[in-house]
Every structure is written in C-alpha cells, then in structure tokens.
Amino acid sequence: MDLIGELRVLWVAVIAYVLAGSIAIIGVLLKKRPERTVLGLMALGLVCHTAAIALRWQRLEHGPFVTMFEILSSNVWSLMLAFAIAYWRLPAIRPVAAIVMPILFTMMGWLMTVSPGETHLPPTYHTVWLFIHIGFGKVFLGATLVAVGLSGVILVRREGSSEGRFSRLPESDRLSELSYRCMAIGFVFETLMLIAGAIWAQDAWGRYWDWDPLETWAFITWLIVGISLHARLTFNLSPRLGAWLVLGVFVAAFLTFFGVPFVSNTPHQGAV
Amino acid sequence: MLRAGSALASLRLTLGVFIFLGLSIMLAYFNEVRTSPWLVLSLSMLAINLLAAIATNQHFRRQLPLMCFHLALLAIVLLIALGRLTYFKGRAEVVDGEEFTGQFVDTEAGPWHPLGAAEARFTNLGTRIVYAPGPVRLGTENHVAWVDENGVLQRAVIGDHNPLIRHHYRFYANWNKGFALMFGWQPKQGAPLLGSVNLPSYPANALQQARQWSLPGNAEPIWAALHFDDQPVPEAGGEFHLPEHYTVVVRQGSQRWELAGEPGTGDIELPGGRLSYLGLRTWMGYQVAWDRTMPWLLAASLTAVLALAWHFWQKFSGRSWNA
C-alpha cells in the first residue's frame, strides 16, 4: 500500500481516538458511563494505527523512528496503548480519560500537520538497542501520562467546580498514591532507557555519555523524577503539590522527547 | 557527632543537593570542560549524604532493595570518577594501506591513563561506504588487519556498531573519511621520505579540499589542493570512491604547479629538495576510546535498576491498584 493508503488508515485511527476521547469527556460532563464504547473505540483506533505503522514499516523497510511524523505517530500509538491498558485494567480511574485524551488530541493535531515525508534510517540506528532504548522510553512516557491524568483530576477537584463530575473517582489521597506508583514505574523505565541509551551511544559514537542536549535533558528529567519521589517522602506532600510535581516531570519529559531532538544539531537526534 | 551525622543524612539536604546537581549539570552542559568542579562537588555531597544516611538511619538500612539501589548509585559515581581519571579519547586518520602506529589528530586523556595506544597497531585495508540518494550514508565497512599476541595475522570488517578492539582501545569507523595526497620528498641531503597529506573530511568539507603543511628544510610552507568535477559521493546513491579525473594544485609562495592527477606526472623542485606526487588514496577516520570502567558501570547500573524495581514491587504489591 502507498502513502495515501497508509494515511487513510491513520485517519481512521485518529477519528476513532477522537470519538473515544470526546465520548469519555461527554460521559464525565453528563455523569454517564459509556466506558465499553470508549474502550471499543480506543481498541479500534489502536488496531488501525498499528496497521498504518506496519504498512509504513513494510514500505520503507524501517520502523517509525526518524522523521517528526514517525516519532509523533509512534508516540501517539504508544501513549494510547498505555492509557488504553490503564483504562481497561483500572476501572476505578476511567474518568481520568477526560484529562488524558485532550493531551493526546493535541499530539494528534500536531501529527496531522507535519509532513509524512520519507527518509532513510541512519546507520547508527541499525541496532537492537534502538528498540530497547525506545521501548523503555515509551513505557516511561506512558506511565507518566497516566500519572498526569490522575494528577489533573486532583488539581481540577481543588478548583471546586468540577468536584461533582469526578466524584466517582477515589479520594485525592488515593489518586495521589496511584500517581506515585505510575511515577515509580516511570522512574524504573527511564533509568533503563538511560542505560540502554548509553550502551547504544557507546556502540554508535564511541562514548556512552557526552552531555549532548538530548542526553542532558533526559538526565535532567530523571533528576526531576528523583526529586519528586524524594520530595513526597521528605515533606509528606499534599496531593495537590504532588500533582504539580508530576506535571513538572511531564513538561520536562515532553520537552526532552519532542522539543530537544529538533533544535539540536548533534548526531544524537533522538528516536523516541 | 551523632547530631552532625543526622544533619548530613537529612533528606532535605538530599533534595537541596539534587537541585545543586541540576544546576551543575546545566553548567557542565554550557561549558567546554564537562567535568566541572561544581559537578564533582555536587556528586561528592550526594555521596556523603548517602553514606551518612546509611550510617545513621536504621530504617533505611533495613530496606535491603533501597539500600542496594543507593549503594549501586554510589558505585556508579565512584566508577565515573575513576573513568574520568583513566579514560582516553582520540581521533586518528589512517591512509588506505597504511598502518596505525599510535599517531592521533587529537587526544584527550585522564591523568592516570596508562598510555599504550601505540601497541594497538593495525592496518587499514580499505573502506566501503554506501550511500542512498540524497546522499545519505547507509553504512561503513572498513577492512582492517593486525598481528595478534600469538603472531597470527587477523582480519576483520569494522564499522557502525562494530569497533576494532585492540589492547582495550576501541576504534570506531563511521562517517569520517577523506582523500589523502601521497608525496615523496627527496631532500638535497639525507634520506628520502614518504608521506601523506590528509585533506579535510569529505563530503563534510567538500569545498575545502586543500591543506597547508611544512617540509623539512623548507622555511616556507607548502599548500596543496585537490580539484575534481565528478561526485565521489554520488548524489543519486552509490559507493564512495576516488575521483576519476582530478588535478592536484601545489603552491609555495608565489609559485604554483598543476599536476594532472596521475602519479609520477610531476616532480617539483623546491629550495630544500624534490617533491614528487605519488598518487591519491583515501584515509579513514577512527574515533578511539579507552575506558576500563565500562563493564563495571553497566553492572552497577543494572544492579541499581533491578534493586529499584524490587523496592517498588515490595512497596506496592501489598495493595491492589483497584483497591
């Protein structure tokens, strides 16, 4: 199948995601529970999105690792997958979709505006460490996204006006604890991502660490996660303050994943 | 004493030093000298903070996975320090058919590095670099040979992700390569010399294929340039190759010679002797690294992450996510 066919399948996926997100938001606003429909649409979107990525992979003979279009597409896919798993396995927190899906809508909008042009896989990407490094990075970002959803609910509740709409969710203390768990998972996988990245960098450029922009920002993000986990223990933070820290981690991670690789001129362009 | 230990072990201090470490990272990032005193100071403070916590905090000591994680982090810091004291990093260029004899274009080494790069001899037997249209480099295959410790000739193909490892020196061949002008120098007195003038990396410096150097016994430097019209790196894709038709321009002061790209086509008489053009070859660039701490760093990092996962598993497995 050619590029047009691939884009058509991708559009079907995006429409399914947007419908799922919109129904989830309306469900929260109207205090309805269209959860099976939302989960079904998410699954449909993921199947179509997987097909679109597979078609591109088959045509170009490399995975979605090089251009902004590929990186955004693969991240929308992995974040949707992470959130769909959380949505499926954790029924108690399903209304969190009303916070998470708008973040993904933004990324989908961005995806649809960038060129789906093609390029070759750089020689430094011909390694199994590409998949390991990127895989760990995607789990980290997926866990952080779920934590952001939980934290978003805590922050919206504090405003007062939306408390009723999220009343079905557990208390903020419990949401904060779940968010802490997600950040802990994220911390483990970000550490693994840094280790795998160092092995790859040693293989590709003969050094495991060189303070290039992406390495530096990835390490700063790791440090911010470390600070947020320590701060919870040290100061017994309120759910609201803990939620702000999670948002801080997400902003740092988002800039590292989607900002730094595209302003840096080093060989390490990022492939997340 | 105990009070001082408790103060040093404080988690508040940990957080403060974390922020200091973040600032030190920014300083290292914007500074050419990466191992800045601030980075060393912040990591040392974290190490002291951790050691004090281990010494004074019984609750911390009882949590074995968390202890393992932090001790592994401490090991990583110490290994990085040892690595910075003993590391070696360099860049070498070896002409096709010539031997690497320990000569580097530039080097950087820790004060305790046991210099031994000259022992890591090998011969560059030639390079194959394939480009896709663009041109976009698809991969480098550099053929090398060396005589091992038992006196047996060994051969290998190195390239991206596949370095040559000799005496713990890792030679990485990837994008950096160029053309080398081969010259013979017969001084009026003394033995003849053979040598190469390595032109700047190609195609990164495609418009600057010239270099100036000095000959023994000649006060004035020599300048040589390579001119060609074909595409050694084909835009439509293909293999990197020597230009088929080219001209070598040599200049000294106001004098200029043009050599028609064939070996032996031009001998140049200079005040100190005779310069003979012998031909055109390629050179391969090698990124060279030596760091014996790497396997230990990997082991410590994996220990850290496994211990961390173990700690969180213990912490969270008692209560269901859906509870």
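Me: Which residue stands opposite Glu269(B) in E16(B)?

Reply: This is a predicted model, in which local features need pLDDT of at least 70 and side-chain atom pairs count only at pLDDT 80 or more, while totals for chains, interfaces and linings use all residues. Residues are numbered from 1 along each chain as its sequence is written, chains are lettered from A and ligands numbered from 1 in the order in which they are written, and side-chain values use heavy atoms, with hydrogens and water left out. Strand E15 (residues 267-270) and strand E16 (residues 273-290) of chain B run antiparallel and are joined by 4 bridges; helices (H or I, at least four residues) and strands (E, at least two) are DSSP runs numbered from the N terminus, and two strands pair if DSSP finds at least two bridges between them. In E16(B), the residue opposite Glu269(B) is Arg274(B).

Me: Which residues form the covered face of strand E15 of chain B?

Reply: E15(B) belongs to a hairpin with E16(B), with 2 residues between the strands. Its uncovered face holds Asp267(B) and Glu269(B). The covered face is formed by Ile268(B) and Leu270(B).

Me: Which residue in the turn between E4(B) and E5(B) has a positive phi?

Reply: Strand E4 (residues 122-132) and strand E5 (residues 136-147) of chain B run antiparallel, joined by 9 bridges. In this pair, Val130(B) stands opposite Gly139(B). The two strands form a hairpin with 3 residues between them, and the turn residue with a positive phi, about 150°, is Gly134(B).

Me: What is omega for the cis peptide bond that joins Gly134(B) and Pro135(B)?

Reply: Pro135(B) lies in the loop between E4 and E5 of chain B. The peptide bond that joins Gly134(B) to Pro135(B) is cis, and its omega is about -5°.

Me: Which residue is the bridge partner of Asn142(B) in E6(B)?

Reply: E5(B) pairs in the antiparallel sense with strand E6 (residues 153-159) of chain B over 7 bridges. Their hairpin has 5 residues between the strands, and Gly151(B) there takes a positive phi near 80°. The bridge partner of Asn142(B) in E6(B) is Ile158(B).

Me: Is His161(B) buried or exposed?

Reply: His161(B) is found in the loop between E6 and strand E7 (164-166) of chain B. Its phi is near 70°, a positive value in a residue other than glycine. Buried means under 20% relative accessible area, exposed over 50%, and partly exposed in between, with a 1.4 Å probe and protein chains only. At 17% relative accessibility, His161(B) counts as buried.

Me: Why is one side of strand E10 and of strand E14 of chain B left without a neighbour in the sheet?

Reply: In chain B, 4 strands form an open sheet with antiparallel pairing, in the order E10-E11-E13-E14. Strand E10 (210-213) and strand E14 (255-259) of chain B each have a single partner strand, so one side of each lacks a neighbour because both stand at the edges.

Me: Which residue is the bridge partner of Arg211(B) in E11(B)?

Reply: E10(B) pairs with strand E11 (residues 222-228) of chain B in the antiparallel sense, over 4 bridges. In E11(B), Arg211(B) has as its bridge partner Ala224(B).

Me: How many residues of the lining of the second largest cavity are charged?

Reply: A cavity is a set of points, on a 1 Å grid over the protein atoms alone, where a 1.4 Å probe fits but cannot get out, and lining residues have an atom within 4 Å of a point. The lining of the second largest cavity includes Glu6(A), Arg56(A) and Glu70(A), and helix H1 (3-29), helix H2 (35-60) and helix H3 (68-89) of chain A each supply at least two of its residues. Ala, Val, Leu, Ile, Met, Phe, Trp, Tyr, Cys and Pro count as nonpolar, Asp, Glu, Lys and Arg as charged, and the others, Gly among them, as polar. The lining divides into 5 nonpolar residues, 1 polar and, as charged residues, 3.

Me: What is the relative accessible area of Trp211(A)?

Reply: Trp211(A) is in the loop between helix H6 (172-205) and helix H7 (213-235) of chain A. Trp211(A) has a positive phi of about 55° although it is not a glycine. This residue is buried, and the relative accessible area of Trp211(A) is 13%.

Definitions and conventions: 1 Å grid on protein atoms, 1.4 Å probe; cavity = no way out; pocket = protein on both sides within 12 Å on 5 of 7 lines; lining within 4 Å.
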